[in-house]
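Please look over the sequence and the model shown here before reading on. The report is meant to be read beside them.

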Amino acid sequence: MADSIVIRKLPPIRFIRALNAFRSGLFRLYSRSFPANVVMYERFTAFWILPAIRVAAELDIAGILEKEPMTIEQLAVRTDSNPGSLSRMMRALSSEGIFKKNKTGQYKNTSLSRVLSDGKGSLRFAMMQHLGSLNWNLFSEFPHTIKTGKSAFSMVYGQKIYDYLSGHPHESELFDRSMTNLSEISIEPVLSAMDFSNYPVIADIGGGEGLLLSSILYQHKSSSGILFDLPEGLTRSGIILNKYGVANRVKVMEGTFFDTAPAGADAYILKNILHNWSDEECLKILKNIVEVLPARGKILILEMVIDEKNHSSFGKLIDLQMMLFMEHGKERTRKEFESLFDQAGLRLNKIIQTVAPIRVIEAVIK
Ligand SMILES: C[S@@+](CC[C@H](N)C(=O)[O-])C[C@H]1O[C@@H](n2cnc3c(N)ncnc32)[C@H](O)[C@@H]1O
């Protein structure tokens, strides 16, 4: 199984930046060339396509079509759906390049629809989770968050997200699988930008199902790892560690990062963790790691870094999700990271760019 795993080396950052600048230029040209109300209404169409993507993911239409192309009638039987409604949904999705109808009236996958099936590069669970009712309900309470500054999650569900997930195993599994899907997007960019070979023992704190740690250890056969998370975050970790053939090099540890950090690692990864928490909570997490960090050890924080410029930024959008989801979650600027580190007895050593929006922020003892 482990032999089928491919971790690609990505093109240089300069090339991707040039491509992105070209793309942004095209978008600006389009925005200026059409009436503003047309441009705005076209952006709004995502509202209709997104629920269709959710349903396609939930019904695993892409997984079914991966085996063989099907007519709407066949697909309707297979997914227990209404043929008329399904046909209109597939027509709309295909008009956006998600699925394709061939000349004989059968639907098949495109590169975009294939992302909704399981396997490498899949976003199936991410789409099901982000577009599913747990999250969708929050967005209808967006005004509450803007008016009060409080998380929509606590208002809608009466408790904080991770407390809620610990009592809802099905939602929790979907959440973890969604995180793993999203993690996969940043793993190749991070591994292409960053050399982990200097770290004999690597701990991933809040590492969830362990895909990042497994990928690192798959590349670095002489390193070993510690995967640390809440029990519910770790439920499927064994499957991934075994798939990558690294289970015998990983100590899986249950615990809360607000109380402790496991000793014995040279590098401590926090990927998409600090953006969930307030400065006070982040300080607790960081100080617990500082207590066990060797003098030359590193804390590697994998997060977006927000800048104040006007250009389009993935981090500024995901920040809205944090605002709704978490009590005090937020994406941070470089200055905000520096201030956090300073209070935890750390200093920002460097920020490593990747071809993706995610950055590796290195913190070391002051
Ligand atoms: C946003 S997810 C990120 C998961 C993973 N690092 C990734 O990037 O895919 C946050 C993770 O933090 C874990 N977590 C939440 N509260 C925690 C706590 N108090 N102690 C340890 N882990 C926690 C969750 O279970 C989840 O796996």
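## Basis of the report

This is a predicted model, in which local features need pLDDT of at least 70 and side-chain atom pairs count only at pLDDT 80 or more, while totals for chains, interfaces and linings use all residues. Residues are numbered from 1 along each chain as its sequence is written, and side-chain values use heavy atoms, with hydrogens and water left out.

## The chain as a whole

Along the principal axes, the C-alpha atoms fill a box of roughly 65 × 50 × 45 Å.

Of the 366 residues, 45% count as buried, where buried means under 20% relative accessible area, exposed means over 50%, and partly exposed lies in between (1.4 Å probe, protein chains only). The chain exposes about 19200 Å², of which carbon and sulfur atoms supply 55%; such areas come from the Shrake-Rupley method with a 1.4 Å probe, and for residues only the protein chains shown count as cover. Among contacts (heavy atoms within 4.5 Å) between residues at least 6 apart in sequence, 66% join residues at least 24 apart.

## Around the ligand

There are 18 residues around the ligand, and Gly206, Asp229, Thr256, Phe257 and Lys271 come nearest; a residue is near a molecule if one of its heavy atoms lies within 4 Å of it. By class, this shell has 7 nonpolar, 9 polar and 2 charged residues, where Ala, Val, Leu, Ile, Met, Phe, Trp, Tyr, Cys and Pro count as nonpolar, Asp, Glu, Lys and Arg as charged, and the others, Gly among them, as polar.

A backbone N or O atom of Gly206 lies 2.7 Å from a nitrogen atom of the ligand. Oxygen atoms of the ligand also take part in such pairs: one lies 2.6 Å from a polar side-chain atom of Asp229, and an oxygen atom is 2.8 Å from a side-chain N or O atom of Lys271. Taken alone the ligand exposes 590 Å², and the protein buries 94% of that.

## A buried helix

Helix H14 (residues 211-219) is largely enclosed by the rest of the structure, because 8 of its 9 residues are buried. The buried residues of H14 are Leu211, Leu212, Leu213, Ser214, Ser215, Ile216, Leu217 and Tyr218.

## Two loop residues

Most residues other than glycine have a negative phi. Asp60, however, has a positive phi near 55 degrees, and its place is in the loop between helix H3 (46-58) and helix H4 (61-67). Asn272 likewise has a positive phi, near 50 degrees, and lies in the loop between strand S6 (267-271) and helix H16 (279-292).

## Two helix residues

Met155 is found in helix H11 (residues 152-157) and is partly exposed, with a relative accessible area of 43%. Leaving aside neighbours within four places in sequence, Met155 is in contact with Glu141 and His144.

Pro83 belongs to helix H6 (residues 83-95) and is partly exposed, with a relative accessible area of 39%. With neighbours within four places in sequence left aside, Pro83 is in contact with Ile72 and Ala76.

Methods: A polar contact is a pair of N or O atoms within 3.5 Å; within protein, one must be able to donate a hydrogen and the other to accept it, and residues adjacent in sequence count only if both atoms are side-chain atoms. Helices (H or I, at least four residues) and strands (E, at least two) are DSSP runs, numbered from the N terminus.
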